[in-house]
Amino acid sequence: MLLSDFDFDLPKSLIAQNPPKRRTDSRLLVPQDEIVDTYFHQIANFIKPGDLLVMNNTRVIPARLFGYKASGGKVEIMIERLLNEKQVLAMLKASRAPKINSFITLENGDTAEVICKENGFYTLNFETDSLLGLLDEVGHIPLPPYIERQDESSDLERYQTVFAKQEGAVAAPTAGLHFDNALLDNLKAEGIDHVFVTLHVGAGTFQPVKADNITEHQMHSEYFEIDQDTVDKIHQTKANGGRIIAVGTTAVRSVESAAKSGKLVASKEETDIFIYPGYEFKVVDMMITNFHLPKSSLLMLVSAFIGREKMMEIYQHAIQEKYRFFSYGDAMLLTRA
């Protein structure tokens, strides 16, 4: 399979720069015999009692920081992941790369030492008693690169799911942004329950695939957890004839990684699973997802789920009907081919 098979032209005007006023007001595309155009608050019309939503409860940290080198040169820090209570992996943007063992002074006067660089990422050690507290004080919400504005106070809430709990992501699991608590309560009252997994989304989720032969692409690694209660609920749902509906590609990657042996088991580990056409899904029956970047691994995952030709047909319809794309954009509800 060639990278060019997953390319399409997207008008820049369709890239959402802000979320809708209300979460559930986003549009929803549902491919059936014909493509249905509706709104997310109508999603209960397309799922049924006994189905189970699997949601990623990771919480986005304020992962973008600004500081200065000893020379006075500006440095932008984009944290990729937390390593421990003081250290992070990060990408640095500066006119000249900071030297190993040098210090970066942050806006509040705290410092971070540059420990080493490996595989494009720097290890930084922060001189603080509370790294998360420091990020809350001077960090910025790490909006994706295609949102061409500075982060605002409203992004602290809106670039976060209402069920976000486990801190560690540097990008939101965006399919979950369309839910509010009222919708979750209404779905549960109708017999559509939900469970949680945790996958800490890394900045690598925005990286395009560059290998012409997509099978040569190496995925970035991300940490995920799925506990025994969630595993049991998924097994029970399947046994009762219900469908497993993954809310987002991160939920798909989590449960499919936990089922790599052929059986879904509780897991706490790293995953670099790359799902592309030809992959045989072991757990997920339906998926809620946003519209993804051309040539991205997430677009390939969707193609594996519903078929590449169907995916391209849906995307062309979405462009024609002016759906909003990417993180703050609209959603699809897909059924596995």
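Predicted model: local features only at pLDDT ≥ 70, side-chain atom pairs only at ≥ 80, totals over all residues.
Good morning. I begin with helix H6 (residues 297-306): 10 of its 10 residues are buried, so this helix is largely enclosed by the rest of the structure. Buried here means under 20% relative accessible area, with exposed over 50% and partly exposed in between, using a 1.4 Å probe and protein chains only. Helices (H or I, at least four residues) and strands (E, at least two) are DSSP runs, numbered from the N terminus.

Residues are numbered from 1 along each chain as its sequence is written, and side-chain values use heavy atoms, with hydrogens and water left out.

To return to H6, its buried residues include Leu 298, Met 300, Val 302 and Phe 305. They pack against H5, E16, helix H7 (308-320) and strand E17 (331-335); contact means heavy atoms within 4.5 Å. After H6 comes Gly 307, which has a positive phi near 100°.

The structure holds 4 cavities of 30 Å³ or more, and about 260 Å³ of space lies in the largest cavity. Of the 24 residues lining this largest cavity, the closest to its centre are Ala 172, Thr 174, Thr 205, His 292 and Leu 298. Helix H5 (249-258) and strand E16 (286-290) are the elements that each give two or more residues to that lining. By class, the lining has 13 nonpolar, 11 polar and no charged residues. As for the terms, a cavity is a set of points, on a 1 Å grid over the protein atoms alone, where a 1.4 Å probe fits but cannot get out, and lining residues have an atom within 4 Å of a point. Ala, Val, Leu, Ile, Met, Phe, Trp, Tyr, Cys and Pro count as nonpolar, Asp, Glu, Lys and Arg as charged, and the others, Gly among them, as polar.

The next topic is the barrel. Here 6 strands close in the order E5-E6-E7-E10-E9-E8, with antiparallel pairing; two strands pair if DSSP finds at least two bridges between them. Neighbouring strands of this sheet are turned by 45° against each other on average, direction ignored. Helix H1 (residues 131-138) packs on the sheet, touching E5, E6, E7, E8 and E10, and its direction makes about 135° with that of E6. Axes are lines fitted to C-alpha atoms, for helices over the stretch in contact, and angles run from 0 to 180 degrees between N-to-C directions.

Finally, two individual residues. Thr 237 is placed in helix H4 (residues 228-239) and counts as buried at 6% relative accessibility. Ile 15 is found in the segment before strand E1 (27-31) and is buried, with a relative accessible area of 16%. Leaving out residues up to four places away in sequence, Ile 15 touches Leu 10, Tyr 146, Phe 325 and Phe 326.

Definitions and conventions
1 Å grid on protein atoms, 1.4 Å probe; cavity = no way out; pocket = protein on both sides within 12 Å on 5 of 7 lines; lining within 4 Å. Points joined across faces, edges and corners; volume = space filled by probe spheres on them.
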